[in-house]
Structures are given as structure tokens and as C-alpha cells.
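Dear colleague,

Please open it first, and then read the notes below beside it.

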Amino acid sequence: MLFTSGEFLLIYLPVVLGGFFVVARWFGRPFAAAWLALASLFFYGYWRTEDVPLLVGSIAFNYLAGRHIQRCTETQARQRRLTLVFAVTVNLLVLAYFKYANFLLDSAAAITGSRPAFVDVVLPIGISFFTFTQIAFLVDTYRHGTREYRFLHYGLFVTYFPHLIAGPVLHHKEMMPQFGRPATYRPRLANLAAGLAIFGIGLVKKVALADGVAPFADAVFDGVAAGQAPSPNEAWLGALAYTYQLYFDFSGYSDMAIGLSLMLNVRLPWNFDSPYRSASIAEFWRRWHMTLSRFLRDYLYVPLGGNRKGKARRY
């Protein structure tokens, strides 16, 4: 189910949005959180129902690992660290399997001339986003940076439909408290209006701009794939068209996610800051997919030493 599809805009969104506030009003906040979590699982399963067990299993595994890390005492520091290393390793191995198994098999087939016919790994939708989100939760728990451990809120935090498919990458500490606030479960006209406006901007980016420029990129790339040699002007047209298609598609979906979430009184972080206005590659890095850059900085670059341990460690 795409954010731009008729079934999402005319059926799913009104039912989920209205149901969230009605359930909260008549049955209480826990039931409203459960409603939103189940609706998010339905949203995810609408694409491929066979991917739902992987998502649910990932949530259960990481929640149990996080709880074990949180319950370890200071005298069990080694056990806490081993649990963190084990859980992060499992997450990365699962991610690597689904993202790179076919690539490795195809590469081996190119060398050996044979490939196992029964192995064809289908990449689950959104696996990078829910994996990185949960790795951040594990590390924050290890650093004593988490305070909220209700399984219902954790499941909602991971499955939350606005961000599940295309991001942004979320931090546990900035999302979980919002699900615990009573104000989140009461409709606010200002947030509904602002969220609708942001969603509309993202919709225009995706439908009018990204989809509008896509035929120019497709014409050049499809021609090359068919063996045609583009002229310099055609090559530039294809490259620039794809550049803008990629940006407006990705940032449009991020804007729609932020707008949808704001309608539910939950604020998501911004993911793009006009990256093509950057004056340098470093500035572009800070403006493009900012939540992923933040994740890599906080959970990879800085823990490995950043620029404090010499050039070799930095690189």
C-alpha cells in the first residue's frame, strides 16, 4: 500500500486516524496504542504478508535482548556487553543475508557458471529501517539512555506505519515518550492541519516532480540497457533527471511520513534539508537523509573513535 494510492488515502488513513482517537476516547490509551500497532502491521503485511513473521520476530528478539541488558546489574557488565554484541551481530547478519545473499550467489555464478536454483532471497520491505531503529534501541539501553520498556509501546515504536517503509530512522528516546503522553491521544486541529499540509507537499514532490521527471531518466537508462549509446546531451539529461527523481521521491516520502505522524500528534525528525543547495560534499552529507547520517555518527563513527584516534582509525 503506497502513501499515494487511493486505498491508502480514501480508506486506510481515515479509518486508522479516526479509529485511533475514537478508541482512545472510549477505551483508553493502551487500546489506542494497540489499535495503531495492529494497523501498522496490517499496513506492512499489505505489501507481503510473508514478511510479517520476520518483523514480529525481530521485535520480540530485540525487545527481550534490550530488557536483559537493562536488567543486568553493574556487577554483570561483561554479560551486558556480550548481550549487546550478540544482539547487534544477529541483527546485522539477518540484514546482510537478505540484502547481499543474491549478490554473492550471482557473483559466484558468474565465476563458476552455476547457481543454486532453489535459492532466491526476496528482500523484505523496510528491513534496513526497522533493523537500524532497533540497533539504536539496544545501544541506548546499554548506555542507560532508555527509560520506557512497555512492550506495547516498543512494538508500536518499531512498526509505526508512517516511518516503517521509507524512514526516517528513529531514536527510541525521542519517540517512546510521545506514546506515553495523554495529549498524543486527543485530536488537535492545529496538528491535523499542519500534518495535512506537510503531507500535501510530500505528495506533490512524489507524484508531480519525481514521477514527472522519471520518464526522462527511464528513456536514457532503458536505451543504454538495450545497447544504445546516448549522446552527451542525452547522458546529461538522464543523469540529472535521475538525480532529481531520486531526491523528490525519497524526500517526498519522508515529508509524507512526517505529515502523517503529525496528524497523530507524534513528531518525527526531518530527513532532508535542501541538500542540493549544499556548497560541499560535507555539507551535502549533513543535509541528505539526516537521520541515517545521525545514526552512523552516533552508533558507528563516534564509538569507533571518530577523529580522535588518528587517521587510520578515522577512515
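Helix α4 is followed by glycine 113, whose phi is positive, near 85°. Before going further, please keep in mind that this is a predicted model, in which local features need pLDDT of at least 70 and side-chain atom pairs count only at pLDDT 80 or more, while totals for chains, interfaces and linings use all residues. Residues are numbered from 1 along each chain as its sequence is written, and side-chain values use heavy atoms, with hydrogens and water left out. Helices (H or I, at least four residues) are DSSP runs, numbered from the N terminus.

To stay with α4, which covers residues 77-112, this helix has a kink of about 50° centred on tyrosine 100, where the bend at a residue is the angle between axes fitted to the seven residues ending there and the seven starting there. Among the buried residues of α4 are Arg80, Leu84, Asn91 and Ala109, and buried here means under 20% relative accessible area, with exposed being over 50% and partly exposed in between (1.4 Å probe, protein chains only). The buried residues of α4 pack against α3 and α5 (127-142), and contact means heavy atoms within 4.5 Å.

Most residues other than glycine have a negative phi.

Next come the helix pairs. Two packed helices are described by the angle between their axes and the distance between the axes; axes are lines fitted to C-alpha atoms, for helices over the stretch in contact, and angles run from 0 to 180 degrees between N-to-C directions. Helix α3 (residues 52-71) and helix α6 (residues 151-159) pack at about 130°, with their axes 11 Å apart. That makes α3 oblique to α6, because angles under 35 degrees count as roughly parallel, over 145 as roughly antiparallel, 65 to 115 as roughly perpendicular and the rest as oblique. In this pair, Leu55, Ile59, Asn62 and Tyr63 of α3 meet residues of α6 that include Phe151, Tyr154 and Val158.

The axes of α2 and α6 come within 9 Å and cross at roughly 35°. On the α2 side the contact is made by residues including Pro30, Ala33 and Leu36, and on the α6 side by Leu152, His153, Leu156 and Thr159.

Leucine 36, which lies in helix α2 (residues 29-47), counts as buried at 1% relative accessibility. Leaving aside its neighbours within four places in sequence, leucine 36 is in contact with Val16, Phe20, Leu156, Tyr160, Phe161 and Leu264. Leucine 36 and valine 16 are 20 residues apart in sequence and 7.1 Å apart in space, C-alpha to C-alpha.

Finally, aspartate 255 lies in helix α10 and counts as buried at 10% relative accessibility.

How values were computed:
Helix = DSSP H or I, 4+ residues; strand = E, 2+ residues; numbered from the N terminus.
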